[in-house]
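Morning, everyone. Please look at the model on the screen.

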Amino acid sequence: MTGVEGLTVGVLGGTGAQGKGLALRWAKAGLKVVIGSRSAERAEEAASAIRAETGAEGVSGADNEACARQADVVLVAVPWDGHADLLSGLREALAGKVVVDCVNPLGFDKQGPFALPVAEGSAAQQAEALLPDSRVTAAFHHVSAVKLADLSLAEVACDVLVLGDDREATDLVRALADAVPGFRGVYGGRLRNAHQVEALTANLIAVNRRYKAHAGLRITDI
């Protein structure tokens, strides 16, 4: 289960910058990818662009439900304000699947980004509550969409914190991270600790704005 060869990765929100960037890198690495969107036409447009850019034929587009059904592991990369509604409607389609939530509940005001309160504790815990038949994990919160989209960068140097309560599922998601050159999947704790990982994205945005960078994370001594 810890290998990703032969698996199909679905990306809900695959027409957005983060989802499309990860889909691009997974396609470049030789994985089969299904782009999901509310519009199957928009999803196929994104898939076509990825096929043209990477030469990878194993990339297709579908509406969100079809994407969820076709994939073995599914990344949730949608805006926070649509998170609950989307997942509520996909409970049956995502049953039994490993679900990777990378949504960051953030607000923005004149002082910059800040973490929003979430009744369940975090976006990942909300996903777990809405998808009781799925194996929910949290990962890929701190990866630069700009770097992902730039294929002139052969590697994207970044550690990916992976959280979850299911050892097999977190090992699989770590392997999914390792499939991208430069990434390293690092176990980051139980799903109940996802809040501070999601919230840390606000700090990284502040760093990037101040230093005009696309910073990520590196974990030392492992």
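First, the classes: Ala, Val, Leu, Ile, Met, Phe, Trp, Tyr, Cys and Pro count as nonpolar, Asp, Glu, Lys and Arg as charged, and the others, Gly among them, as polar. This is a predicted model: local features need pLDDT of at least 70, side-chain atom pairs count only at pLDDT 80 or more, and totals for chains, interfaces and linings use all residues. Residues are numbered from 1 along each chain as its sequence is written, and side-chain values use heavy atoms, without hydrogens and water.

Now the pockets. A pocket is an open set of points on a 1 Å grid over the protein atoms alone, where a 1.4 Å probe fits, with protein on both sides within 12 Å along at least five of seven lines; lining residues have an atom within 4 Å of a point. The largest pocket has a volume of about 660 Å³. Its lining has 25 residues, and Gln18, Asn104, His141, Thr201 and Ile205 are the closest to its centre. By class, that lining has 16 nonpolar, 9 polar and no charged residues.

The second largest pocket holds about 280 Å³. Its lining has 13 residues, with Gly13, Arg38, Asn64, Val78 and Pro79 closest to the centre.

Last, the backbone. Most residues other than glycine have a negative phi. Phenylalanine 140 has a positive phi, near 70°. Aspartate 221 also has a positive phi, near 70°.

Technical notes:
Points joined across faces, edges and corners; volume = space filled by probe spheres on them.
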